[in-house]
Amino acid sequence: MSHIIHRNLRRAPPVAARAAGLTVYDNHGRAYLDASGGAAVSSLGHGHPDVLAAMHAQIDRCAYAHTAFFTCDAAEELADRLANDAPGDLDHVYLVSGGSEAMETALKLARQYWLEAGQPQRATFIARRQSYHGNTLGALAVGGNEWRRAPFAPLLIDVPRIDPCYEYRGRADGQTTDDYTAALLRQLEDTILRTGPRNVIGFVAETVVGATAGAVPPTPGYFRGVRRLCDQYGLLLILDEVMCGMGRCGTLYAFEQEGVLPDLVVLGKGLGAGYQPIGAVLARAHIVGRLRDGSGAFQHGHTYMGHPVAAAAALAVQKVIQRDTFAEHRTSATCAAAACWSASNWCATASASSRSRRRAGCTRPSRRKPWRAA
Ligand SMILES: Cc1ncc(COP(=O)(O)O)c(C=O)c1O
């Protein structure tokens, strides 16, 4: 009997004995095609030599040093790279150990931002139904996955929730896409007004919805309208790109295709592609600036944040994504979202929707400052 509390308490899963490329092998030698890369994680496949080499080198140099006392080159270089590759002034990076931890970090950073702005009454997030932002209590509270929330509902903060932007299910017969989008934005505005704009910290959404709806992109103009309302009423825009970011939708960040600049971006999964547990929050300059000029510290922290080996793995993953995916497919008819190991060579697989590919024009958009800070 296993002593692990497995996801299914009545049945232990097969033992993953080794993995290479797209295949995981169990301890009886049976091969499993890891077509989804786990839960949309292993976007480079298993055993990428560049990532393994970077991890080995980092382990030999320094496997761990607490961030209260030290920084490390791998974390600094990863943060430089993420900041450089992100549009606008998304220049600040907080490294944690996964998507839920990153979401908790974003929620707390947003709250502290308003505290330090002298607006302590801002204590409410607005989010969407049929969304998923993680399984820790804060992330679960903003999420709209009812099945996951139900047992823990009494422990969760109240979050006003609006409809998802889910055209296939939500647009009425005879309604145009633009009218559907406008109705969703009216709903958001009504919710902001009902809650009281000066009570709201921010609006939280997945740019492209993953776990709770499949793979649902927004309608054209939806996020531009959301950004407009956030600016009008002074809300922060927090985009969760744990599943859809890091190249998965054809651009490094899915929001690049929406022409908006969020205040905070939440990353996980494809950031480290499964080689190490890592997540991150990207924050715009005004967010970090306010804390720096105020209390001087973000009141948060985890033992394993900024972990050297996790950072080294993620840095190597980012280099491979840029080199083998974006570079190769800049002008190709298939904007690749992920690179995978095929039997003898690395190849790119297209997983961006045809709409996002069309809208991306299958060219890599300019990464640096394409939009003015909203
Ligand atoms: C959009 C989104 N946000 C957050 C999370 C939580 O990430 P993690 O499972 O790494 O805590 C997930 C996980 O599936 C996700 O899809």
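Guide: Within β10, alanine 283 is the bridge partner of leucine 264. The model is a predicted one, in which local features need pLDDT of at least 70, side-chain atom pairs count only at pLDDT 80 or more, and totals for chains, interfaces and linings use all residues. Residue numbers start from 1 along each chain as its sequence is written. Helices (H or I, at least four residues) and strands (E, at least two) are DSSP runs, numbered from the N terminus.

Leucine 264 belongs to strand β9, residues 264-267. Two strands are said to pair if DSSP finds at least two bridges between them. By that criterion, β9 runs antiparallel to strand β10 (residues 279-283), to which four bridges join it. Strand β9 also pairs with strand β8 (residues 236-240), here in the parallel sense and over three bridges. In that pairing, isoleucine 238 stands opposite leucine 264.

In a regular strand, side chains alternate between the two faces of the sheet. Strand β9 is covered on both faces: Leu264 and Val266 are buried on one side, and Val265 and Leu267 are buried on the other. A residue counts as buried if 20 or more other C-beta atoms lie within 10 Å of its own, as exposed if 12 or fewer do, and as partly exposed in between, with C-beta atoms placed from the backbone.

These strands form part of an open sheet of seven strands with mixed pairing, in the order β4-β10-β9-β8-β7-β5-β6. Strands β4 (92-96) and β6 (161-162) stand at the edges with a single partner strand each, so one side of each has no neighbour in the sheet. Elsewhere in the sheet, β5 (residues 124-128) and β7 (residues 200-206) pair in the parallel sense over three bridges. Threonine 124 there has valine 200 in β7 as its bridge partner.

Leucine 282, leaving aside neighbours within four places in sequence, is in contact with residues including Leu82, His92, Val93, Leu264, Val265 and Leu267. Contact here requires C-beta atoms, placed from the backbone, within 7 Å.

A contrasting case is leucine 185 in helix α8 (residues 177-195). Leucine 185 counts as partly exposed because it has 19 C-beta neighbours inside 10 Å. Not counting residues up to four places away in sequence, leucine 185 touches Gly225, Val226 and Leu229. The C-alpha atoms of leucine 185 and glycine 225 are separated by 6.6 Å, although the two residues are 40 apart along the chain.

For the chain as a whole, buried residues make up 46% of 374. The mean pLDDT, the predictor's confidence in each residue on a scale from 0 to 100, is 89, and 87% of the residues reach 70 or more. Over residues 330-374 the pLDDT is below 50, though this stretch has 94 contacts in the model beyond near neighbours in sequence. Where pLDDT is low, the predicted coordinates should not be read in detail.

Definitions and conventions: Two residues are in contact if their C-beta atoms, placed from the backbone, lie within 7 Å.
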